Amino acid sequence: MQPDAPRTFAPAPRVSVARRSATLSTQTLVLALVVLLIVLNGLPFVWGVLTSMKSEQDLFRFPPAFFDFEPTLDNYRRVAATGFLGNMLTSFAYCIVAVFFVLAIGLPAAYAFDRYQFPLRQPLFLLIVASIPLSIGAAALLIPTYIYFARLGLTNTFFVLPMIYAAHQLPMTIWILKGAIESIPRELDEAAIVDGVSRLGVLRHVVLPLSRPALAAASILAFVGSWNEFVAGSVMVDSPGLKPIQPLVYSFIGFFGREWGPLTASATLAMLPILLIFILFGRQFVAGLTKGAVKG
Amino acid sequence: MKSNTAAFASVAPAFAVTGFVLFSPVVYALWFSLHEIRYGSVGAFDGGANFLRLLQDYTLPGTLLRTVIHTGLSVLITVAIALAISVGIDRMKPRAALVAKMVVILPWITSAVVATLLFRWVFINDIGVASYAVSSLVGAEFQPMTNSTGAMTLLIFVSVWKRLGYAVIVLLAGLKSIPSECVEAAQVDGATPWQVFRLITLPLLKTPMLLVVVVLTLANINTVETPLVLTGGGPNDATRILALDVYERAFAIFDLGSATALALVMFAANIVMVLAYVRLTGWRV
Amino acid sequence: MKRTIRLIRRLAAASLLAASVQLGALSAHAETTVRMWTFLNPDGKSPRELALKEIISRFEAANPEIRVVVEPQVWDQMTPKFLAANGAGNAPDIIWVVTDLLGEALASGSLADLNPLFLNNWPKEAVDERKDGYWERCAWEGGVHCLFHSRNYYGVIYRKDFLAEAGIDPDTLTDWPTFIDAAKKLTVRDASGNVSRWGFGQQFSEDRADAQMMSSIILSRQGDLFHEDGRAKWANPIGAEALRLQCDMVTKHEITPPQAVTWSAEDLYEQFAAGRLAMFTGAVVRVSTMQAKVGKDNVGFMVWPGVDGKPHSPAVMAGWAVGVWSKSKHVDEAARFLEYMAGPEADRLWVEVGGQIPASGSVMKEMPDFFAQPSNQYIVKAAEGIADYGWISPVKFSVGGYRQVLNKAAQNVITGGMEPMAALEEAEKRFNQQNRR
């Protein structure tokens, strides 16, 4: 079943027949779920943002102070004084570089896995799938991995984190992009090859434009994954200028206690770019996965 | 022949990167785990002593069982709820859908430690705003974590809460790809909404489901932050799962040998599970 | 004439050469960078961080050829990471080691002997007045390999106003029956029968587990928590009675809430800040942050009540052992900074700006006005405790995980219905297995 291409590219208002005939009880159930979710997700978030604007004395006032407190920006000033904004730029650079390499390496690989017939194709692709657990569970081997990279002289360098992030996101990206390329009709690239276009040319002029939404979706997932990475970021680099932001957020849960004010202030700042990305590219994201791995 | 060269040239960089960053540390860790580890450095070769110690640990079977329960139920519940919610959001008007998506992804995009701490503070702690509201309305206190079942239920609840956003986003994208003609055709044939969902929607969601199940399973198995921050593994070990055990071996007891051995065993199991799952679902490579 | 010109030329050339050599030497010297790992960030704004920043800038002003670079680390990963970095050969020049892993750090040979580096040059009195329990732990194979920082002492933190309201004088709480009676008076219930404030907060989660009151009783009666060979020494009548008393506070006396089984040490501080605890098991290093939340003169600190007619029981002490990496390329420069950071001038700054317990008694004598203030009394109490009732975990064998295991024993009694003796037998078995004993 191929998704109809025109609608995916320009989502036209579609009539959901299911909506009309859905029973009232399912609708109520779904509505209740959504309301519950708004409470469960929204309340801690709102509370976190409010906490970031509280002074020491107001933090743990009991009964809890929802709005009747004197808001202050002191926590944000404290966070800024530690160079947090500079580290946000560092993190941003890491993620952009990682995403660039993930796409540059992932797209040709995904294309080859889908379009070429070559020996060991299937086992090699399963090897890519098998490395997903290694990337998601990498934290469990933290210390041996640290010793290994330290022996090789890679720790505390500007490139170690983008390299690790790229490797962590690569398997998933190849998986998603392969799905996207599957849905591009083979006739298109065959026609181009008959016209004398090289394989590289097909990749550039046929596959790249048609899988752009999937590339966007994969990039967003890779960016979010790298932005939120904590364990490698806290261990692999030491110089303050090389630190990404997640360990810095965590550093406010210090040896001398949780400093809720700066902690929530820095966590709020750390979330902003991702919310922004979803607001700006949210539609791309859905369209991309639509054309991508998500093909039925 | 030429095509083979091109194919290998295309996939080679991917294997160079994953091989170096993901696989070679595992090989090093395997070598590491076969030695006696003292004071954080590698000592004499001692065969499988670190692995043998795992076999002798009488607490591990229980921990394994709890890991299976936690991961199994968390994944199942997350997928079920995510399906319902993504169907709901799918039917919303675009602007409402955007807001709903934003709300849904909040816990997923917050750092795991901060998100869990905030959840615990707001909903569980008796000085939290929700617990305070509930206790002043109802007059009774809510203390779910002081018994074993309650603590595990809560851990599963928070695991679902934390990762629901990811599942919703991916499933929602899958729903959007289902052509409305299929649904309409089925309805013309007199299918009930439930039949439409079961016979049309679900089968067409197979690939996104696979993605979601694999990622959620791995994320839940490997989570340290959620149980550590929420319950510390207690009470009476009720929420001690394997990942927490690896963490405590490495950072509380500083037994790097057995921590690494256990992590490797977990990796092996994870890989077998993912591959088996991919095969079982008949996913075409 | 020609000769003179030639001479002048030669002189000029020589002096230029000399100057450039000098300059080169100077700039080469200025290059010496000393790296330090700690959990404090000198750009942070907490009192200790401000103190560290001041200490570094004063040191650099006095030693322009040395630059001190702090690389802040996540505190709970820092020591394992240092030991791994030591093995891999790229550890920092100065390191802060957590008490639990000090034995590992000493045995690995990663900490340089400070005697030849600077302690041998210290006057005998200066060394002698520092010879306390902390100093002993740094003594290793004839040398002294670290100096303790962030000295910490566990006891009871209390709200002065709540105790005053209830007419309780903290100085009279020198045995457990009196203490429990006082805690009952301090436990307040609201109209619906729910407790709105607990008399005595404790925490039994394995996350951020501190040593509890039962340790103080065991230490008072048997002197140690471990056998000579490092096996646990808890499953005996002394331990069982101590654990029973600790758990009775939840189940029988109802002065400690049942949710204590899920509380980490952090929860206690937050509950206290919310006014939900009158007294709780706490670390003296945290008093200053509590003062910021509930009032500068409103937080008191007392050492543990005693048993068997003694006025007080010993408490567990902890801290951070600061040392120089033995394989550092800049051992001398690193030692110079450590000497300054632990010396008398910096000690005053740590006390005045950072609110820390002084490392030497003479600093206390030099600052009588500071220590006379009621808001600084806690430092005096803790310093007395350190001198008279302190116990610090051994370094000859590793004891990692013992507080977690003891807390789990308390969970087993309170929510699992286990007998204290059985719970402690289980705890001993677990601890000995974990540490291969």
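**Note on a predicted three-chain model**

1. Start with helix α5 of chain A, residues 74-81. Three of its residues, N75(A), R78(A) and V79(A), are buried. Buried means that 20 or more other C-beta atoms lie within 10 Å of the residue's own; exposed means 12 or fewer, partly exposed is in between, and C-beta atoms are placed from the backbone. The three share one side of α5(A), because they cover an arc of only 100° around the axis. That arc is taken from the directions between the helix axis and the C-beta atoms. An α-helix has 3.6 residues a turn, so residues three or four places apart point the same way. After α5(A) comes G83(A), with a positive phi near 85°.

2. A word on the ground rules. This is a predicted model, in which local features need pLDDT of at least 70 and side-chain atom pairs count only at pLDDT 80 or more, while totals for chains, interfaces and linings use all residues. Residues are numbered from 1 along each chain as its sequence is written, and chains are lettered from A and ligands numbered from 1 in the order in which they are written. Helices (H or I, at least four residues) and strands (E, at least two) are DSSP runs, numbered from the N terminus.

3. Look at the cis peptide bonds. In chain A, one joins F62(A) and P63(A), with omega about -5°. P63(A) sits in the loop between α4 (56-59) and α5 of chain A. In chain B, the bond from G234(B) to P235(B) is cis, and its omega is near -10°. P235(B) belongs to the loop between α11 and α12 of chain B.

4. Which residue other than glycine has a phi near 70°? L120(A) does, and the value is positive. Find L120(A) in the loop between α6 (84-115) and α7 (121-136) of chain A. L120(A) counts as exposed because it has 11 C-beta neighbours inside 10 Å.

5. N156(A) is not a glycine either, yet its phi is positive, about 60°. The loop between α8 (142-151) and α9 (160-182) of chain A holds N156(A).

6. Now chain B. It has 13 helices and two strands. Its C-alpha trace spans about 75 × 75 × 30 Å along its principal axes. Of its 285 residues, 53% count as buried. Contacts also run across the sequence. Residues 24 or more positions apart make up 68% of the chain B contacts with a separation of 6 or more. Two residues are in contact if their C-beta atoms, placed from the backbone, lie within 7 Å.

7. Check one helix pair in chain B. The axes of α10 (residues 206-221) and α13 (residues 256-280) of chain B come within 11 Å and cross at roughly 165°. Axes are lines fitted to C-alpha atoms, for helices over the stretch in contact, and angles run from 0 to 180 degrees between N-to-C directions. α10(B) and α13(B) are therefore roughly antiparallel. The cut-offs are under 35 degrees for roughly parallel, over 145 for roughly antiparallel and 65 to 115 for roughly perpendicular, with the rest oblique. From α10(B), the contact uses V213(B), V214(B), L218(B) and I221(B); from α13(B), it uses N270(B), V274(B) and Y277(B). By class, this contact has six nonpolar, one polar and no charged residues. Nonpolar covers Ala, Val, Leu, Ile, Met, Phe, Trp, Tyr, Cys and Pro; charged covers Asp, Glu, Lys and Arg; the others, Gly among them, are polar.

8. How many residues of chain B are in contact with chain A? There are 87, and they meet 91 residues of chain A. Helix α1 (residues 2-33) of chain B gives the most to this side of chain B, with 19 residues. The classes on this side are 66 nonpolar, 16 polar and five charged.

9. Turn to chain C. It comes to 20 helices and 12 strands. Its C-alpha atoms fill a box of roughly 110 × 50 × 40 Å, taken along the principal axes. The chain has 437 residues, of which 54% count as buried. Within it, A292(C) lies in helix α13 (residues 287-294). A292(C) counts as partly exposed because it has 16 C-beta neighbours inside 10 Å.
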